[in-house]
Amino acid sequence: MGDAESVRGSGFVERTRVREALETLREATNVSTGTQTVPLADADGRVLAETVTSPRNVPDFPRAAMDGYAVRAEDTFGAADRSPATLTVGDSAGPQRATWVHTGSPVAEPADAVVKTENAREVGDTIEITSAAAVGQNVSEVGEDIEADQHLFDPGHRLRPSDLALLRSVGTESVTVRERPSVAVIPTGEELVESDPDPGEAIETNGLMVSSLAERWGGDTRYRDVVTDDRDALVAAIEADLDADVIVTTGGSSIGKRDLLPAVVEDRGELLVHGVALKPGHPVALGQVEDTPILMLPGYPVACIVNAWQFVRPIVNWTTDTEPDEPARVEAELDRKVRSEPGIRSCVRVTVSETDEGVVADPVHESGASILSSVSLADGWVQVPESVEGYDAGDRVTVEFWEAQP
């Protein structure tokens, strides 16, 4: 009897721990995307494929750090409010002569300082400087921001908007990045429709949710039409997308009569994991067909998003030789007690609020994997580790904002 049939008969008596399931999936993930060159305007969130160094100094000329007058510092020595230094204002600086400069303007020799406007009074064609300037004052020297040949980024760095600005400032207009991994998302279930459900039907939402998350995490998604609970149809759908870097299915992953996907994957390749010690979301299955990882997520929407976070998010990163960033977190005081089964990792949805006493986390639902609104209306979740049997009201917990971080 195959593994999928064994699980069907046992009812998930044994469940793989999340960490062990991740390690198994990581070992099976040997795909690595190629590279491509893209303009900076299209590089936000992309993963660098090569080391980047600066081709030039920034600035590459001495420039004014603020609006004011470019001067020779020696012409201002001893200047004070009651005994100002008087300089002629002209088109260029020189002995006893100043010139007006804007922030970012070149400061040409023999000028070596900029006197800010607050320390200069205009008197006809002259200015009276009321505070002595030091050499280099208010002047950005060559290479003050970035030096030529300076190391900027390593391969595997995920580019941020500030990085793009930095790269443009050194004259870079394009970068070589890893290709976005292709993620085929296949919603399954004979009860699913696109709109106007009849009794017994439901609108397809999991595929949309997972596709959007995979895009946010760096994938290039193929959001497929719903596939019914038919063995031949499921086989055809999977085989049609075996050229993808990752296949993600939603629904049909448990042990019911219509949960055919684990057996389909096992017949065509290898079923690596079926059933994980995770709540909500234990009926997840992980497999591989022709070296393509296949992640079979449960049909209940809360279980689906929990498993997407636990497994889809890391594998999208692994295909580009990166690790997922840590989620945004906040420490909070738990408003009510939450329970957790020993040996199970629980993800408790919470809302977060600020009070006079500090940050408070209020559980939304401790159960109810089908209640989609409990995810949409929650701010984040608290992960209760396998070794803990829950938390009491007043305990300090860590809230993860799962949708605030790519």
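Predicted model: local features only at pLDDT ≥ 70, side-chain atom pairs only at ≥ 80, totals over all residues.
Residues are numbered from 1 along each chain as its sequence is written, and side-chain values use heavy atoms, leaving out hydrogens and water.

Colleague: How far apart do the C-alpha centres of domain 2 and domain 3 lie?

Modeller: Domain bounds come from an automatic or database domain assignment. Domain 2 is 36-57 + 149-178, and domain 3 is 63-140. Their C-alpha centres lie apart by 38 Å.

Colleague: Which residues of helix α4 are buried?

Modeller: Buried means under 20% relative accessible area, exposed over 50%, partly exposed in between (1.4 Å probe, protein chains only). Helices (H or I, at least four residues) and strands (E, at least two) are DSSP runs, numbered from the N terminus. Cover for the buried residues of α4 includes β13, β16, β17, β21 and α7, with contact meaning heavy atoms within 4.5 Å. In α4, residues 206-216, the buried ones are Asn206, Gly207, Met209, Val210, Ser211, Leu213 and Ala214.

Colleague: How many residues apart in sequence are tyrosine 69 and tryptophan 100?

Modeller: Rings of Phe, Tyr and Trp (its six-membered ring) pair if their centres lie within 6.5 Å; planes under 30 degrees apart are stacked, over 60 edge-to-face, the rest tilted. The search finds three aromatic pairs. Tyrosine 69 and tryptophan 100 make an edge-to-face one, 5.2 Å centre to centre with 75° between the planes. Tyrosine 69 lies in strand β4 and tryptophan 100 in strand β6, so the pair ties together parts whose separation in residues is 31.

Colleague: Which residue has its charged end over the ring of tryptophan 309?

Modeller: Tryptophan 309 pairs edge-to-face with tryptophan 217, 5.9 Å centre to centre and 70° between the planes. Both are buried. A charge sits over a ring if NZ of Lys or CZ of Arg is within 6 Å of the ring centre and within 35 degrees of the ring normal. Over tryptophan 309, 3.8 Å from the ring centre, sits the charged end of arginine 313.
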